[in-house]
Amino acid sequence: MRTSTWSVSPVQTLSSQVLMPPVPLPRTSAVPRPTTAPKEPRNDSSLPCQPWYSENCDRHAVESALLGCQKDGAYTVRPSSGPHGSQPFTLAVLLHSRVFNIPIRQLDGGRLYALGREGRNHEERFSSVTAMVQHYMQQPLTLVDRHNGSRQLTCLLFPTKP
């Protein structure tokens with residue numbers, strides 16, 4: 001089993017092919033979605049009902065399920081392995097037989113969520129984990145391998161639960 005360390009960076013033009021959904025996904029609104037949430041707190045109460053949320057699974061179980069799926073763009077969200085604190089969840093994505101584990105951070109007292117580690121100059125912020133996943137189902141996510149610096153793009157295409 002191969003796992004990768006990663007980081008997320010703003011989408012850039014690359015020579016590699018981007019994995020996108022095979023058909024356009026329906027949009028619920030013609031108005032562009034803001035990348036920041038309103039000021040009131042959002043409760044992501046629908047999280048346990050999502051087909052991509054692996055509530056009671058650890059890193060090993062999630063990685064095994066994704067590797068067994070063998071579909072680039074397969075993904076799940078699980079509770080983080082370490083102390084939950086400001087990184088309560090992890091997005092796990094399969095691409096080219098590698099699992100990328102990306103922390104999901106809480107910001108602004110739990111009102112906003114961001115993907116990746118702290119310290120980046122630019123990051124998109126979302127009102128909920130669900131809004132974040134929906135965004136990356138339609139927009140490419142850049143995965144950066146910290147071992148060799150390679151960048152790969154994919155959308156979240158195949159919700160997976162162990």
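Predicted model: local features only at pLDDT ≥ 70, side-chain atom pairs only at ≥ 80, totals over all residues.
Residues are numbered from 1 along each chain as its sequence is written, and side-chain values use heavy atoms, with hydrogens and water left out.

**Around T76**

With 1% relative accessibility, T76 counts as buried; that term means under 20% relative accessible area, while exposed means over 50% and partly exposed lies in between (1.4 Å probe, protein chains only). The side chain of T76 has a polar atom 2.7 Å from the backbone oxygen of W52, and it also reaches the backbone oxygen of T160 at 2.9 Å. Setting aside neighbours within four places in sequence, the contacts of T76 (heavy atoms within 4.5 Å) include Y53, V62, L66 and T90.

**Helix 2**

How enclosed is helix 2 (residues 129-138)? Of its 10 residues, 7 are buried, so the helix is largely enclosed by the rest of the structure. Those buried residues are V129, T130, A131, M132, V133, H135 and Y136. They pack against strand 3 (74-79), strand 4 (89-95), strand 5 (98-107), strand 6 (112-115), strand 7 (125-126) and strand 8 (141-145).

**Charged pairs**

Side chains of opposite charge can pair when their charged atoms come close. The structure holds 4 salt bridges, each being a side-chain nitrogen of Lys or Arg within 4 Å of a carboxyl oxygen of Asp or Glu.

| Salt bridge | Closest N and O atoms |
|---|---|
| R98 and D145 | 2.2 Å |
| R105 and E123 | 2.2 Å |
| E123 and R125 | 3.7 Å |

In the R98 and D145 salt bridge, the partners come from distant parts of the chain, strand 5 and strand 8, 47 residues apart. Both R98 and D145 are buried.

R105 is buried at 4% relative accessible area, and E123 is buried at 16%. R125, at 33%, counts as partly exposed. Salt bridges that share partners join R105, E123 and R125 into one network.

**Cysteines**

C49 is exposed, at 68% relative accessible area, whereas C155 is buried at 0%. The count of disulfides comes to 0, taking a disulfide as a pair of cysteine sulfur atoms within 2.5 Å.

Terms used: Helix = DSSP H or I, 4+ residues; strand = E, 2+ residues; numbered from the N terminus. Polar contact = N/O pair within 3.5 Å; in protein donor to acceptor, adjacent residues only side chain to side chain.
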